[in-house]
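Have the viewer open and follow along topic by topic.

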Amino acid sequence: MPSIVFPFFRSLCLLSVVIWLGLQGMSVWAGDNKSQQTDFMELAAVMLRDGHSDRALLALQSVDLEDEKTDLSRYYTLQGLAYLNLNDFHAAKDSLQSAVKSGQADSVIFVYLAQAHYSLKDYRSTIQAIDKSGAHAEKANLITLKAQAHWHLEEPAAAINALNEGIRLFPQDYGFLRRKVFYFVELQLFHEATQLGRRYLAQSKAAAEDYIAIGNALRLSRQYKEALDILEIARLQFNNNQMVAKLLAHTYLDQGQLNSAAFILEQAALLNPDLLSEAAEVYRRANRFHKALTLNEGVQDQKIKLKQRLSILLALKQFERAANMESALYRTGLLEDQHVRYALAYAYFSSGRFAEANKHLDHLSESELFRKGVELRRLMQVCKEEPWKCI
């Protein structure tokens, strides 16, 4: 499920609310006998507006809360916004609630309380705060937040109802439709998710990332046919997108369709040579060793290329060619990998060069490879004593 960010909250915190608070302060406290308490709160409002929440809190520390002229509702509102911007959500919640108790009447205060509650994973209080925010409750961000809160409370019907309300109020905001698709996937309503996903992708002029997200959600839910339907469309529309190709290939791999996966990766590698090694590896797994060897020639990363080439030559039983790779493996540092070392030893053994095989087996210390090395030494001894068994 995609995470929620709060651009609406942040921008409102740093601009509109601070301006609103500043205008409130000027109208209430204008006059020749303007108190020093107000000066500190005005300074805090300026600091908030400029994005210096820590300095705003310092200014507020100089406000005398015992002074009967101090506007406590405004003080706690400023303090709550500063804590909210600093991600101190417990302190923000306490301050904003104190602002309400002190008479803060503007309903926007509940918008910020909703954010604080949500960040503290108090989802029930999040919903209650949104419901108290008046006309703000019909803003797109708050509708999404309410839907997410219901979802976390395992109230899927209420979550989907909230998204439906968002679709009704904001028919051009396809984010609600997108989130609904993911809800359906998590509810295992895969047919509905696929149908809604297609509708979203058709209506929203979706980017490749949208196809990837929906296709991958279906793939992870093992709804491979539905995932392939969406990803094949994406491949036609975004034929230069590497992630679409890789995800489509891995979806075929999940179903054991190795040749289809390898072909897609091979085609994608025409634009991105970094995918050649993946394509070659899938062809190797599909037992198409000569095709894998051909693609391996174009791999740029020498370590990946040589390690993969060694495994392909062993699969082809071209043991002499595999054994002759020793100098290249040594030069690239691959012999430090004990699995590579064992594979080379096996190549030497299979080509009848037992002394070289033993030399590499001496370097094995990992338990499983050491056990295999012992077995290989036993076989070499058998070959020495009874050569006809190794023909």
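Contact here means heavy atoms within 4.5 Å. With that in mind, Ile214 touches Val181, Phe182, Gly197, Tyr200, Leu201 and Ile230, leaving aside residues up to four places away in sequence. Please keep in mind that this is a predicted model.

**Cores and packing**

- Ile214, Leu310 and Leu329 have the most contacts inside the largest nonpolar core, which has 88 residues. Helix H21 (residues 338-350) supplies the largest share of this core, 8 residues.
- Another core, of 36 residues, lies apart from it and includes Leu84, Val108, Ile109 and Phe110.
- In helix H15 (residues 258-268), the buried residues are Leu258, Ala261, Ala262, Ile264, Leu265, Glu266 and Ala268. Their cover includes helices H13 (224-237), H14 (242-254), H16 (276-285) and H17 (289-296).

**Aromatic pairs**

- The whole structure holds 8 aromatic pairs. Trp151 and Tyr183 make a stacked one, because their ring centres are 4.1 Å apart and their planes are at 5 degrees.
- Trp151 sits in helix H8 (residues 140-152) and Tyr183 in helix H10 (residues 175-186), so this pair ties together parts 32 residues apart in sequence. Both Trp151 and Tyr183 are buried.
- Tyr346 and Phe349 form a tilted pair, because their centres are 6.0 Å apart and their planes at 50 degrees. About one helical turn separates them, as they are 3 residues apart in helix H21.
- Tyr346 is partly exposed at 33% relative accessibility, whereas Phe349 is buried at 14%.
- Phe319, Tyr346, Phe349 and Phe354 together form one aromatic cluster.

**Salt bridges**

- A search of the whole structure turns up 21 salt bridges. In one of them, Glu42 pairs with Arg74, with the closest N and O atoms 3.5 Å apart.
- Glu42 belongs to helix H2 (residues 36-49) and Arg74 to helix H4 (residues 72-85), so the bridge ties together parts 32 residues apart in sequence. Glu42 is buried at 15% relative accessibility, and Arg74 is buried at 0%.
- Glu165 bridges to Arg168, with the closest N and O atoms 2.6 Å apart. These two are 3 residues apart in helix H9 (residues 156-169), so about one helical turn separates them. Glu165 is partly exposed at 31%, while Arg168 is exposed at 55%.
- Asp337 forms a salt bridge with Lys307, the closest N and O atoms lying 3.0 Å apart. Asp337 is in the loop between helix H20 (326-331) and H21, and Lys307 is in helix H18 (residues 302-315), 30 residues apart.

Methods. Residues are numbered from 1 along each chain as its sequence is written. This is a predicted model: local features need pLDDT of at least 70, side-chain atom pairs count only at pLDDT 80 or more; totals for chains, interfaces and linings use all residues. Side-chain values use heavy atoms; hydrogens and water are left out. Buried means under 20% relative accessible area, exposed over 50%, partly exposed in between (1.4 Å probe, protein chains only). Helices (H or I, at least four residues) and strands (E, at least two) are DSSP runs, numbered from the N terminus. A nonpolar core is a set of buried Ala, Val, Leu, Ile, Met, Phe, Trp, Tyr and Cys residues joined through side-chain atoms within 4.5 Å. Rings of Phe, Tyr and Trp (its six-membered ring) pair if their centres lie within 6.5 Å; planes under 30 degrees apart count as stacked, over 60 as edge-to-face and the rest as tilted. A salt bridge is a side-chain nitrogen of Lys or Arg within 4 Å of a carboxyl oxygen of Asp or Glu.
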